[in-house]
Amino acid sequence: MATIAQSLLPNHVFGVHGKMRDGVHFVDDSTVVYCAGHCVIWWKTEDKNQKVVCGTADTETMTAIALSHNRKHVAVAESCLPDRPAVVEPKKETSDLSKAIEMAKSVSLEIKGPVISIFDSQTSKKKKVLMGGDIGSRSYISLAFSHDSKCLAAQGGAPDWNLVLWSLEKSKLIASIKTSTGPEVYQVQCCPVDLNLITVIGDGFAKSFRSTDSALRPISTGIGKREGLKFLNHAWLFDPSAPVEKEKEKGDKKEESVCLYALENGEVLYTENGEIVSSISPPGGLPGAGFVEVILQFSKGFISAESGAIIGIFEKVDDESFKRTRSFKVDANGTRIVSIALSPGEELLVCVLKNRQIILIPFQNSEFYKPDEVPKEATGHGFHSEAITGLDVCQRKPLAVTSSTDKCIRVWNYLEKTCELAKYFPQEALSISLHPSGLHILVGFTDKLRLMNILIDDIRIAKEFNIKSCQDSAFSNGGQYFAAVQSNVIYIFSTYSFENLGNLRAHNGKVRSIWWSPDDTSMLTAGIDGAIYEWQLRELKRSRENVIKGCVYTSVVGLKDSKSFFAVGSDHKLKELDENSTVKEFFFPVLLTQIALPFGSRLLFAGTEFGAVRACRYPLTGMWKMHYFFELTWTVSFKYPFLYELHVSLSLHAYSFPLWSGLVTLP
């Protein structure tokens, strides 16, 4: 029996996690590792190429990432899925039920707690998986390697806020302790001088713990007595050339454990061995004028990411004091900086902003940057800052277009891996469609449907149509027509004369999916009323219909030179239909939200409510292969261009979207 020759894999991801503390790291001078959606990204800053590693199946999303001090390992934490009742097909014979159970194994919720994956930072291969134990939470919110990379500290989230220590050599949980009785915990760090010392900060506290062979014990420190203060960030300062040692014998002189704590009032506390030695003035010189979000050590002192998107550089004056020597901005709008990282050679600084943007700044030239100004050398990589709600892909050019709740429409070149155009509008786009030529887009707004031209440096309105709240639209394959949906009516227009060629009325509920036939002579429509209609566009009449009341259809596709068509909906079934009869149907424990069947292909692709993509051989046999988990959310669009190399774009109700590529060969 012939098999699928190659899997479909994510090739590039546009986006970044915008809420993850310490969420970006330099593996080497030109490679940055970070999380986007449910992927770990190894990004080459020189050529923009990415290596994408998908998350673990049966997990929800990635919540924390850490890099070992020797830069050899990357740890990524993933939260487990919330409990939910199992979905089983009702009133089926035992044989069919057993098939459903077999399919359920691919999406079984057997993972009962958060998962930590350990990757080789150079090869990006997964080496270990840490899971199990009573964590008391669905996620880890912060990770930190010990300085010798033999242990990993993981801070659990609400409600129990347990700190867990893992042995990486044995892949075993060593000890755990509750760090908070209610207030939020923000960050965990391991002391580079004392390998048994672990520190945790949160809303109103800073605590220290000492690890033994089987337990974590709290210890009293001066910084721990400063209760009621909101600690935003903390970082250990150490000499990278100093040897790493365990506790020394009594009488031996110990190296001082130096740590900086950033407070909400703007102060930065300098501590030695847990005792407060001095205080560094807040940004602006006055309490409340600004505060430090992130602290990062470098060879001459430390770098601070401050409120107002300001980077401050502090250099060491003596053993206990630092001086702020210079500063510059990374964003003109003052967007909060969530995470920063400096390359090993200290040549490049990368910043991740709260609005999910990545900024690259040459750090070796920082002495020439002006305060309160964004350096001209800073390069940004524009991503959507809010949920992506629409996507379409050009059939003849390597272009994709997306819309978002941030009211921005972006045009992407998926071969160059760049955002070619971005334009903000007063309203959020409800639907978007890209012309096969890549020169025009249709955008549905609450007041009107607008046909726009894509220019070199702008997106301009060419024609407005009096169609309010257009929730879906689609150009024909030749591009000479387009269809626009308003509630339960489908309007057919000429693209070039703007003439309304006719309106299709039959649905009793909102139309959710449109599919043009390859020759543009007919169209399939599916709606929430459980009806699927085939229309002959020359006569503007229905030629076939299939109605199943109670099923809310979300996607329908047809097949060239065949009377069969395929649909998915709220009944958890993939159906192959032919007029009034159901030829085949397959039940899935998860909801299939979108399907695509490329012309001439023997593979049918389906997106699920979990953000997974499945591929099935056509004719349908019921045997599916899970390719990828992205994020627990709805797949809102599933498009493909006419290329021999299959590039499938998947847009999710999330903050980033991947481009897939895979050369699929069939006999």
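Me: Where is aspartate 47 found?
Reply: In this model, which is predicted, aspartate 47 sits in the loop between β4 (39–44) and β5 (50–54).

Me: Why is aspartate 47 called partly exposed?
Reply: Its relative accessibility is 43%. Buried means under 20% and exposed means over 50%, so aspartate 47, at 43%, counts as partly exposed.

Me: Which residues gather in the patch of negative charge on the surface?
Reply: The patch consists of Asp29, Glu46, Asp47 and Glu347. Asp and Glu count as negative.

Me: What makes the contact of arginine 324 and glutamate 306 a salt bridge?
Reply: The N to O distance between their side chains is 2.7 Å. The rule asks for a side-chain nitrogen of Lys or Arg within 4 Å of a carboxyl oxygen of Asp or Glu, and therefore the pair qualifies. Arginine 324 belongs to strand β25 (residues 321–329) and glutamate 306 to strand β23 (residues 301–306), so the bridge ties together parts that are 18 residues apart in sequence.

Me: Is glutamate 306 buried or exposed, and why?
Reply: Glutamate 306 is buried, because its relative accessible area is 2% and the limit for buried is under 20%.

Me: Which residues do salt bridges with shared partners join into one network?
Reply: The members of that network are Asp447, Lys448, Arg450 and Glu464.

Me: What makes strand β20 and strand β21 a pair?
Reply: Strands pair if there are at least two bridges between them. Five bridges join β20 (residues 268–272) to β21 (residues 275–280), so they pair, and they run antiparallel. Glutamate 272 has glutamate 275 in β21 as its bridge partner. The hairpin has two residues between its strands, and asparagine 273 takes a positive phi near 55° there.

Me: Why are both faces of strand β34 described as covered?
Reply: In a regular strand the side chains alternate between the two faces of the sheet. In β34 (residues 431–434), Ser431 and Ser433 on one side and Ile432 and Leu434 on the other are all buried. Strand β34 pairs with β35 (residues 440–444) in the antiparallel sense over four bridges, and leucine 434 stands opposite isoleucine 441. Five residues lie between the strands of this hairpin, where glycine 438 takes a positive phi near 80°.

Me: Why is isoleucine 456 called exposed?
Reply: Isoleucine 456 has a relative accessibility of 82%; exposed means over 50%, so the term applies. Isoleucine 456 is located in the loop between β36 (449–454) and β37 (459–465).

Conventions: Residues numbered from 1 in each chain as written. Predicted model: local features only at pLDDT ≥ 70, side-chain atom pairs only at ≥ 80, totals over all residues. Heavy atoms only, no water. Patch = residues over 30% accessible without salt bridge, like charges linked within 9 Å, V, L, I, M, F, W, Y side chains within 5 Å. Areas by Shrake-Rupley, 256 points an atom, 1.4 Å probe, with all protein chains shown as cover. Charge placed at Lys NZ, Arg CZ, Asp CG, Glu CD. Buried < 20%, exposed > 50% of the residue type's maximum accessible area, 1.4 Å probe, protein only.
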